[in-house]
Amino acid sequence: MMSDSQRKEIDAFFNFFAAFDLTIPVATLADLSDGQALFEVLAVVDPDYFRPTTRFSAQDSANWVLHFSSLKRLYRLMTQYFSDVLQKPTSGLDVPDLQAMARNADDTATLVMCRLTIAIGVQCEKNKEFIDKIQGLSQVDQHYLMKVIEQVMSRISTSNSSDIGECS
């Protein structure tokens with residue numbers, strides 16, 4: 001069962017995603033379970049890096065194995081982006097249960113993927129667009145999203161504290 005805090009966080013993400021011109025609007029966790037909306041949001045960050053491979057047809061939309069495959073690719077790209085482009089360690093990041101997300105729109109796994117998406121968005125070169133969209137939301141939504149961003153960033157910085165000191 002979802003906590004009140006998780007519900008408010010998910011609502012904040014729904015409102016955040018509504019600020020993007022997505023192919024399919026995001027109104028439920030199931031709308032995120034195939035990874036397509038997250039790919040579209042991340043395509044704003046880097047359209048070449050986060051290019052979705054497939055569009056699901058109507059008969060494919062119920063196939064959780066295809067969703068799982070897409071989510072695995074997306075998660076791999078996200079962690080590579082943190083590492084290769086943002087030069088951030090990934091060892092401290094939460095690992096979502098992508099199978100549960102693809103199969104049952106698992107709220108915990110979906111939240112992890114949303115959190116990683118927004119953290120990438122506010123760290124990338126085009127972060128102004130993401131920050132503007134966040135600032136266009138209600139104070140409550142802004143509060144929840146900023147809390148999420150701080151959580152992800154603190155996990156990244158503490159996971160690499162032993163390597164600090166050398167800059168390339």
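**Exercise 1.** In which loop is Q87 found, and is Q87 buried or exposed?

*Solution.* Q87 sits in the loop between helix 3 and helix 4 (98-104), where helices are DSSP runs of H or I with at least four residues, numbered from the N terminus. This is a predicted model, in which local features need pLDDT of at least 70, side-chain atom pairs count only at pLDDT 80 or more, and totals for chains, interfaces and linings use all residues. Residues are numbered from 1 along each chain as its sequence is written, and side-chain values use heavy atoms, with hydrogens and water left out. Next, take accessibility: buried means under 20% relative accessible area, exposed over 50%, and partly exposed in between (1.4 Å probe, protein chains only). Q87 has 56% relative accessibility, so Q87 counts as exposed. Its phi is near 55°, a positive value in a residue other than glycine.

**Exercise 2.** Is A105 buried or exposed?

*Solution.* A105 belongs to the loop between helix 4 and helix 5 (107-123). Phi of A105 is near 50°, a positive value in a residue other than glycine. The relative accessibility of A105 is 16%, so A105 counts as buried.

**Exercise 3.** What span should helix 1 (residues 4-18) have at 1.5 Å a residue?

*Solution.* The expected span is 1.5 Å times one less than the number of residues. For the 15 residues of helix 1 this gives 21 Å. The end C-alpha atoms are 21 Å apart, which agrees. Buried residues of helix 1 include I10, F13 and F17.

Conventions
Helix = DSSP H or I, 4+ residues; strand = E, 2+ residues; numbered from the N terminus.
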